[in-house]
Amino acid sequence: MGFPTIRPRRLRRTKELRALVRETLLRPSHLVYPLFFHAGLTEKRPIATMPGIFQLPLSAARAEAKAMRERGILGCILFGLPKEKDPGGTTGLDPDGPVPVAIREMKDACPELVVMADVCVDEYTDHGHCGVLRRGRDGAMDVDNDATIRVLAEMGVLFAKAGADVVAPSDMMDGRVGKIREALDSAGYEDTTILSYAVKYASAFYGPFRDAADCAPKFGDRAGYQMDPGNAREALREARLDEEEGADMLMVKPALSYLDVIRAVREASTLPLGAYNVSGEYAMLHAAAQAGMLDLDRAMLEVLLSIRRAGADFILTYHAHRAAELTSG
Ligand code: PBG
């Protein structure tokens, strides 16, 4: 049977009918808001490439937590900019560093807020790489996997101790999920959750973030540890390894250029899945909207919905506040 008996448009006739048969929803509870806390600031500082996003002083932490609660946003992820950087990223292990302090303040102001902390040394290393360096086989400097995961495990425990609900390693070192799990458990943080950036590509779309977090690598690139954009089977391998090492949730990053990968990981794993709608994806929409090329609100909601439709349970996004405002109620 077909036309004229069958008419799909019947279900699109009114907005109520359309709502009744809508397959994918976007709600404020699907959104996680990233925040950048800078230890050296007393006032918030705009990030030129990311309209509406700021480097924040620690004194803003409580108000940010409350603002999220008022919007119905349940979770945030924290990044830190220290006053000092060094080759080993050791300022990332300071219990009074920007992330531990922000965690304590936010959990104190808003205990029910799900506070996630990004675990990586690139914000704390003077060279900007996601790990400790050593001289590689060809004489060039390389990131030392096994030395790095020891630092990450310490950082994970530090953030758990400060009160983070979730620690989220974003470095792409091998074995870091297992190492962090073991360290958390032996320190008594069995119920701290690990969200693994399991599938993270070496992407041009992190450009604005590297301004925001002041962590662009001073030499070379991240292709020796982040994934090659051509690879999708490898994404399943990374996801499976992290699941076996004890990850509680997985993430794919970036989101928009990797919707197929989100779908593939969704089908291969039963773990909750997040996707990171990264800084370049955010900047791109704002730039196009500022140039009068598209409607920002509509384009934003369509992008976020596409990420949900691809299979993400939750989305880390700089659009969180506006998107929550548009989708609540
Ligand atoms: C690394 C990290 C990066 C992002 C989140 N964690 C940058 C990178 O790998 O270069 C990117 C987030 C974004 O672009 O919004 N700590």
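What volume does the largest pocket have? Keep in mind that this is a predicted model. The largest pocket comes to about 310 Å³. To find it, look for its lining: Arg22, Thr24, Leu25, Leu26 and Arg27 are there, along with Arg298, Leu301, Glu302, Leu305, Thr327, Ser328 and Gly329. Helix α10, running over residues 296-310, gives the most to this lining, with four residues. By class, the lining is split into four nonpolar, four polar and four charged residues.

Now on to the second largest pocket, with about 250 Å³ of space. Its lining is made up of 14 residues, and those nearest its centre are Asn145, Met172, Asp174, Gly224 and Tyr225. Two elements, β7 (141-143) and α7 (233-244), each give two or more residues to this lining. The largest share is that of α7, with four residues. In this second pocket the lining counts six nonpolar, three polar and five charged residues.

While you're here, stop at Met172. You'll find this residue in the loop between β8 (166-169) and α5 (176-186). Most residues other than glycine have a negative phi. Met172, though, has a positive phi, near 70°.

Around the largest cavity are 15 lining residues, with Asp122, Lys200, Phe209, Arg222 and Lys253 nearest its centre. They divide into six nonpolar, two polar and seven charged residues.

So what does the ligand itself have around it? There are 18 residues surrounding the ligand, and the closest are Lys200, Arg210, Lys253, Ser279 and Tyr318. By class, this shell holds eight nonpolar, three polar and seven charged residues.

Zoom in a bit and you can pick out single contacts. The side chain of Lys200 has an N or O atom 2.7 Å from an oxygen atom of the ligand. For the side chain of Arg222, the distance from an N or O atom to a ligand oxygen is 2.9 Å. Lys253 reaches a nitrogen atom of the ligand instead, with a polar side-chain atom 3.3 Å away. On its own, the ligand has 410 Å² of accessible area, and the protein covers 100% of that.

The second largest cavity has a volume of about 30 Å³. Its lining is Tyr206, Phe209, Lys253, Tyr276, Val278, Ser279 and Tyr318. That makes five nonpolar, one polar and one charged residue.

Lys253 has one last thing to show you. Most peptide bonds are trans. The bond that joins Lys253 and Pro254 is cis, with omega about -10°. Pro254 is in the loop between β10 (249-253) and α8 (259-268). Another cis peptide bond runs from Phe3 to Pro4, with omega near 10°. To see Pro4, go to the segment before α1 (15-20).

Methods:
Residues numbered from 1 in each chain as written. Predicted model: local features only at pLDDT ≥ 70, side-chain atom pairs only at ≥ 80, totals over all residues. Heavy atoms only, no water. Near = heavy atom within 4 Å. Polar contact = N/O pair within 3.5 Å; in protein donor to acceptor, adjacent residues only side chain to side chain. Areas by Shrake-Rupley, 256 points an atom, 1.4 Å probe, with all protein chains shown as cover. Nonpolar A, V, L, I, M, F, W, Y, C, P; charged D, E, K, R; others polar. 1 Å grid on protein atoms, 1.4 Å probe; cavity = no way out; pocket = protein on both sides within 12 Å on 5 of 7 lines; lining within 4 Å. Points joined across faces, edges and corners; volume = space filled by probe spheres on them.
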